[in-house]
Amino acid sequence: MDCYYCTPDESKVLYKGKFWTLVFHKQDYLGRCILNTNRHIDNFSKLSDDEIIDLRNMLSAVENELKDLFGCTMLNWACNMNNVYSEENPNPHVHIHIRPRYKNPVNINGTIYVDREFGSHYDRKASVQFDTVTIKFIFNQIKDNFLKYYIK
Ligand SMILES: [Zn+2]
């Protein structure tokens with residue numbers, strides 16, 4: 001069965017590690033990305049000890065990087081996997097949605113980003129506040145700096 005997370009779009013990959021791959025996502029939240037397991041596993045509870053340890057290291061790297069680069073206040077982490085179960089033959093693959101959250105407005109190359117829902121649950125239908133040039137800039141910033149933060 002085809003699995004989106006087993007073969008992520010290479011042009012969106014920020015970092016591929018031994019156990020996890022960090023993938024750029026829709027920029028409705030500045031710096032939003034997805035972390036998925038390199039192994040096709042269907043449930044968070046099936047992570048190996050090595051995957052769990054590396055998950056902590058990856059999450060720490062993402063958190064510290066996005067705080068430094070864009071000044072996010074904190075991050076929302078979510079492993080939901082709801083949509084796949086609406087399909088006739090669900091083929092889940094463990095992945096974590098990462099949405100950085102911002103108490104204050106952020107200036108990204110002249111575009112002022114505002115986290116309109118800060119202090120409450122993220123909006124799954126939040127609009128993207130950036131043009132394509134700025135989105136590419138955000139992608140490059142995260143990709144080019146990630147290894148400064150990732151300690152294996
Ligand atoms: Zn998969």
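In this predicted model, Y4 has a relative accessible area of 48%, so Y4 counts as partly exposed. Residues under 20% are called buried and those over 50% exposed, with partly exposed in between. Y5 has a relative accessible area of 18%, and therefore falls in the buried class. The rings of these two residues form a pair. A pair of aromatic rings is described by the distance of the centres and the angle of the planes. For Y4 and Y5 the centres are 5.0 Å apart and the planes stand at 90°, so the pair is edge-to-face.

The pair formed by F146 and Y150 is stacked, with 5.7 Å from centre to centre and 25° between the planes. Both F146 and Y150 are buried. Through ring pairs, Y15 joins F146 and Y150 in a cluster. Over the whole structure, the search finds seven aromatic pairs. An aromatic ring can also have a charged group over its face: R99 lies over the face of Y122, at 3.7 Å from the ring centre.

The next topic is the metal site. Which residues coordinate the zinc ion? They are C3 and C6, each through SG, and H40 and H93, each through ND1, at 2.0 to 2.3 Å. The angles among the four donor atoms run from 103 to 117°, and the site is tetrahedral. Along the chain, the donors follow the spacing C-x2-C-x33-H-x52-H. C3 belongs to the segment before strand 1 (13-16), while H40 sits in the loop between strand 3 (33-37) and helix 1 (49-70), so this pair ties together parts that are 37 residues apart in sequence. C3 is buried because its relative accessibility is 12%. H40, at 35%, is partly exposed.

The last topic is the interior. In soluble globular proteins, nonpolar side chains tend to be buried together. Here the largest nonpolar core has 39 residues, and W20, L22, L30 and L35 touch the most other members. Several elements each supply at least two residues of this core, among them strand 2 (20-24), strand 4 (74-78), strand 5 (95-101) and helix 2 (132-145). Helix 1 gives the most, with seven residues.

What does W20 contact, apart from its neighbours within four places in sequence? The contacts of W20 include Y15, L35, L47, L55, M58, V94 and I96. N36, T37, N38, E51 and D54 are also in contact with W20.

Key
Residues numbered from 1 in each chain as written. Predicted model: local features only at pLDDT ≥ 70, side-chain atom pairs only at ≥ 80, totals over all residues. Heavy atoms only, no water. Donors = N, O, S within 2.8 Å, 3.2 Å for Na, K, Ca; no water. Tetrahedral: all angles 85-135°; square planar, octahedral: opposite > 155°, others 65-115°. Helix = DSSP H or I, 4+ residues; strand = E, 2+ residues; numbered from the N terminus. Buried < 20%, exposed > 50% of the residue type's maximum accessible area, 1.4 Å probe, protein only. Core = buried A, V, L, I, M, F, W, Y, C linked by side-chain atoms within 4.5 Å. Contact = heavy atoms within 4.5 Å. Phe/Tyr/Trp six-rings, centres within 6.5 Å; stacked < 30°, edge-to-face > 60°. Lys NZ or Arg CZ within 6 Å of the ring centre and 35° of its normal.
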